Each structure stands twice: as C-alpha cells, then as structure tokens.
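User: Hi! I'm new to this one and would like to learn how to read it. Could you walk me through it?

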There are 2 protein chains.
Amino acid sequence: MKPLKQGNITSPLGFKTNALCCGIKRKKQDLALIYSITQARAAGVFTTNRIKAAPVKIDIKSLKQNKAQAIIVNSGNANCCTGKTGYADAQKIVRVLAKDLDLKPNDVLIASTGVIGKYLPLNKILNNIPGLVKGLGFNKADKTALAIMTTDTYPKQLAVEIKLNGKKVTIAAVAKGAGMICPNMATMLCFITTDVHISSAGLKAALAEAVDDSFNCISVDGQMSTNDTVIILANGLALNKQIKNKGKEYRVFTKALKFLCLQLAKMIIEDAEGATKMIQVSITRARSKKEAKQAAGAIANSALVKTMIAGENPNWGRIPASLGQADISFKEEKIKISLQKKVVYQNAKPVLPDKDVLIPLLKKKQVNIDVDLNNGDYSHTVWTADLTAEYVRINTEYS
Amino acid sequence: MKPLKQGNITSPLGFKTNALCCGIKRKKQDLALIYSITQARAAGVFTTNRIKAAPVKIDIKSLKQNKAQAIIVNSGNANCCTGKTGYADAQKIVRVLAKDLDLKPNDVLIASTGVIGKYLPLNKILNNIPGLVKGLGFNKADKTALAIMTTDTYPKQLAVEIKLNGKKVTIAAVAKGAGMICPNMATMLCFITTDVHISSAGLKAALAEAVDDSFNCISVDGQMSTNDTVIILANGLALNKQIKNKGKEYRVFTKALKFLCLQLAKMIIEDAEGATKMIQVSITRARSKKEAKQAAGAIANSALVKTMIAGENPNWGRIPASLGQADISFKEEKIKISLQKKVVYQNAKPVLPDKDVLIPLLKKKQVNIDVDLNNGDYSHTVWTADLTAEYVRINTEYS
C-alpha cells in the first residue's frame, strides 16, 4: 500500500469533480459534485441519530440498488428538520441533476451539512447545476475539498494505491469534520472514490469494517450529527478480478480502506473545533467489546478530562472519576491507569509520579490515556480532542 | 411552610457547627463540623459512580444503623483513589473525632470534596479536631457554608419551618456544588439538619423522594462526582408525634424537604462553573419516565445546546439534533419543540419564529426548552447551566 502525493478523489480512474459558490455562503464555495464516468457500485453508512436530514433519507432509499454515479453536496445548510418541503427540495435537486447528467434519479446521491432547521435556498442550487456539470474535471478535487468544509480549518483528502492480482487499484477520500463528531456513528461527511472492481456485498462489508475501526472511534464533543454520511463509489475501472466479501484480495482492499479512513478520522480530530491536542484513549482487558467502547467513550467525552488535557494539567483523578460513570464492570483494586505511558493509578491507590515528570509530558501534541481494566480480553481505542475556550467561542457564535 | 430569613443548619433545635482553616487550602476555611446535641436519625444518598471516595464508603457502612450525631467535612481534597491509606485516614479522623465528642465511631459521618488522587494531609486535620470541637456553636453556620465550598462563588444555605400536629418543625440545609453535577445521581455535598421526630423508614423514604425531584434533576457538565453526598440528620427535638413513612404528616414534611432541596439544587445551577444562564429542559408526553429522563438529559448535556444558549443564539436545530441521540422512541412528525415558549419545530418542519422575536427572549437569565414527545403520559424536567469559555478556563486551571 502506497499513499499518493497530493492524492485526491480524482486519483482513481474515471472520477471527475467540480465545485462552485452558489450563494448559500457568501463568496465561499458551497456546492460540489463528484461524478464517475461509469455507473459504480455504491454503499453508504449514515447517522444513527433518530432525527435524520432529508438527504440522508433519500440516500438510504437510493442505495438499496447498491449503485450510484454522482454525489451532490452542499455546505452551509443541513436541510434537516425541514419536513416535507426539505425532502421535496432534495428530491428536486436530485432529479434536475440526474436529467442534466442523463442518469436515473436513483443514481444521484445527495449530502448536506450546516445549520439545522432552515429551508435550502433551492433556486440558488438549481440555477447552478448546469454550471456545476459543465465544469466537471479531473483536476478540481481541491475545490471540492474546500466546498464541503464548514468550521474545518483545512481541507482533508488522501489517496492510496494497492496492487490486486497485478492490477493497480486506487482508493481516495475527501472528508469534512470539525464539530458534532461522536462514536457510535461518528463521522461527518466523507466521500470515497475507488476504481476497484468489487461485488456489492464485498463493498458493503469492507465499508462497514473500515468505518467501525476509524470514524466510529473518534469523538469531538459527544454530539452525533443528523447528517453524518460516508459514501463509497467503486467504478471497477482498475479492471482487477472482481473482489468478493472475503478472501485475500478482500483483506488487502479492506486494510487499505481502513488505513485511509483512519487517517482522515485523525485529521478530523486534529482539526476539531478549537482543539490544541489529540487525546488517544485506549482500554484493554475489558469484559466485552461493548464495555471497552463504553469505558473509552466515558473518558473521551468527559468535559473534565478534556479541559484537564487542554490545560496540560496533571490532575489525573478525573480519569477514574469519568471511568466510574460508564455502565461497565471492573474492580477498583485491579485496574491500572496511565497518562503518557506513566502509571498514575494502580492497586486502588495513586502511584503519584512526580508532577515534574508529568507536566512536561503533557505539553506534547498527542496525549495518551491507557486504562487496563484487568477484567477480560477486549480492547478499544478512541481518539478525541481537548476542550478549549475556542471550542466554546466557535459554538457560541455559529449560526 | 415558611422559609426563614437567614435560616441555616443551626435553625432547627439542637444543632451546632464550627469551621476553621486546617491548612489544606491556604488561608481559607476548609474543615467543618456539624453536630446534633442528641443522637439523630440519619439517612444518606450517595454517588452511583463506580469509583467511590473513602468517606462515601465509610458513611454507607455507618448509616446501616440509621443514626448519627456528627458530620466532619473537608474541602480541597476528595480523598478518592487513595486506596487503603485513604480509607484508613478517613477512619482515623472519624475515630479521633468520635473520641473527642464521646461518641461511637459509627455516629460520626465524614465527607470530602476537592482534588482526586491525593492523600489527605492527615495530621493537619487531626491536629485541628480539638479546636473544631471546642468552638462548636449555635451561630457559626455561615462559616461552615463557606468551608465546604470549592469553586462555588457564594455559600448556599436555607431553612424552612412547617407545623406538624401543632408543633413547629424546622428543616435546614447547606450545600456546595459548582462542577461535576449530573442527573442519575446528581449532587455535590448537601447536609440537611432537622428537628423533626420521624421513623428511620420515614426519613429514608422522604430523603429519596426529595433527592429524586431536586438534585437528581440538575446537571452542570454531565459529570458525576466520586464524592457526591446528601446526608440528613433528624434529632426529634421538635417533639412532634413521630412521622412514619406515609400519612398526611409524612407528606407535609416531604413536600417541605423537596422544596428545600430544589431551591438548593437551583442555586447550584445558578452558581455553576462559568454559568451565565439557567436552562430548564421540560419533556412532556414521553412513553415512560425513563424515556422522559433520557430525552431531558440528552438535551441538557449537549455541549452544542449549552453553547447556543450561552451565545443567545437562536440556532434551535441543535435541540432536535441532541434529542435524536437519546435512546428513546418518538415520531419526528408528532413532536413539538419550543424555545422560550415559542414553538420552533412542529409537524416535522421549522415553525421559524422571527429571529427578531427569539433573540430578545434569549437574553433572559432563564431559558426554557420544552419538548412535547406526543408519545405517552410521562414528564420530566431538568435544570442545567450554559457552557461558557469561563467553564473551560476554570477546569483547565483547577488542580
């Protein structure tokens, strides 16, 4: 597996893209189109929030055919909590774009991100569809990466190359994150393009595995968006022998896909709203995978732990205090807690490493919290960001 | 029921208190004693965090006898995650104080609040016990209210008077809060004194009811402390006919106790770390009490909702987005959401009240969020505070 320099969603064969400013935002790109020159196998993973945005509902229906050829994305407005009008608006966009591209509406997917509870400026979008299609190109991925951003401070894109039966296969992705990212669904928007030839079952299984080990392992603020979307399009133009949902080739492909998703997930945490540090919370020897996840989440979503890390403050007692709130089983006497690989708590008592040791270690950009529950065989790791006054400022002002 | 002007924990008959600075904090009172001149019926409610501080473990044991006569409290150190040493330290304090007061150790309860994971400065406390006992008085409640504070900005105390069978009965309480307060246990430290004559079963039932409808309905940051403690001492000196765990007198007493606890709970929210506003989240017509609580908690603990209120920002879409994360059942088309009593979302679409209407309403000190789930008969209300940069500052620096 080889990461590609300046790799992007047009690195795999047969993908074009374009982006422009349609006027949802002032003078910033806010509308993007991703297009495969042939119909592609498609799969998606969406928010598990009980309130789902209109585009999410449409994509879930359209993806029942396991195929798609285009994705239209707007930023600045989530088209969520907008009722029948919002749903009809999204359908209209899909139908108009499908007509312009000479596709069936089911072949066009749609995603939105931004403010909840406002109607889309429909005509601004519709009026710009002809220009969006006309301008499709193989060298415009950077524009698309910018157009899907909301409070991100930099675009997030990546591509990797693998060999399958001697054929070169490329997988690429573009993502936006920033706030509202939490495990158990996780994510933000992420669009993955690949020229691999793969069965629908294989594509679904690979995407589910990759998302579970990447986007579902990150959390910014414990908040799960109504619009979270990961879509993969696989157009088969690499002409490799078709991958099924198991076997060596499946594993090579899935491993590369996981790598790609995890790199993007980490970029999202690194660029979380107001974040100054990445926090890695690793739970080992839990009684079940579920308990490992709950323990990691309780620590990673603790405002007290996250502010402690922001302050480079060795007040580690907040780690067992947040762990104790998780609905899991452990014995106080058996657990071990480490901060930056220094044991701080073991045998139910403080190990009390010198503050002079901990404080310099906490100045690093990445902070590791390791909890050995000593109660089973299951592990889980999540990544989160620290909580800063800047996070509060961004979310106080954003409207 | 009549609130007493300048009422405090020495307002009920037979209670003395004292506080001093033993040196855990620099030059601030940090050690307090509450004492009944006769043995009292006693009951307690404690944190459900799986990590419990040493004093909590001791009190749970001692309260099996349903009686107590004294409570010693220190601030500045939680004596939590301190293992056998911490437990032995707390036992030692209890034994030394019991001897000085001529009580059995079981009659002395103990509470601590402050940093987790540090051993108590045992000798500083032990050396000050004689002075603490010698100085006990009927007019020192204000000192005690100050001594139990950590990041509180003002002391919290209150007393009310009721009549039971013609006898005057007084109930009073002192509390400290600020951070780490969350429903499902809720609380901070709260010590309640009363001269009511009541059975042990009656006292336990009344306390459980009162805590459930007050401290368990507030949340600052979704964090549950390892030290949360509510203790009530009822010494019977009002000489009313003994109350049992039901009947008219039980109901009058419990209603007054609930009122007292709710007033203190609201003071805690008002004085939450960095808070500028109180947020009241009311859920109606949920399918069960459990679902009503989960819905209220999902909204009240959402960082995005709390920053929105801090910013007086009418971006109400964050309310349905946080509601959708709760593990409850509802139909998007049937729910109704109001902000400051203005409907903002109904029939699965935005009602879009004019921003010019919402923004001035959001400038008020209390913000009401009402969610009608239209799915059953159960209601629940919680109170929380907004999330400000000041909260982050306090928790970044505190050590």
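User: How do strands E12 and E15 of chain B pair?

Analyst: Strands of a sheet pair through backbone hydrogen bonds, either parallel or antiparallel. Here, E12 (residues 336–339) and E15 (residues 366–372) of chain B run antiparallel, with 4 bridges. Strands are DSSP runs of E, at least two residues, and helices are runs of H or I, at least four, numbered from the N terminus; pairing takes at least two DSSP bridges. Across that pair, B:Ser338 faces B:Asp370 of E15(B).

By the way, this is a predicted model: local features need pLDDT of at least 70, side-chain atom pairs count only at pLDDT 80 or more, and totals for chains, interfaces and linings use all residues. Residues are numbered from 1 along each chain as its sequence is written, while chains are lettered from A and ligands numbered from 1 in the order written.

User: In what order do the 7 strands of the open sheet in chain B come?

Analyst: The order is E9-E16-E11-E15-E12-E13-E14, with mixed pairing. E9 (218–219) and E14 (349–350) of chain B are at the edges with a single partner strand each, so one side of each lacks a neighbour in the sheet.
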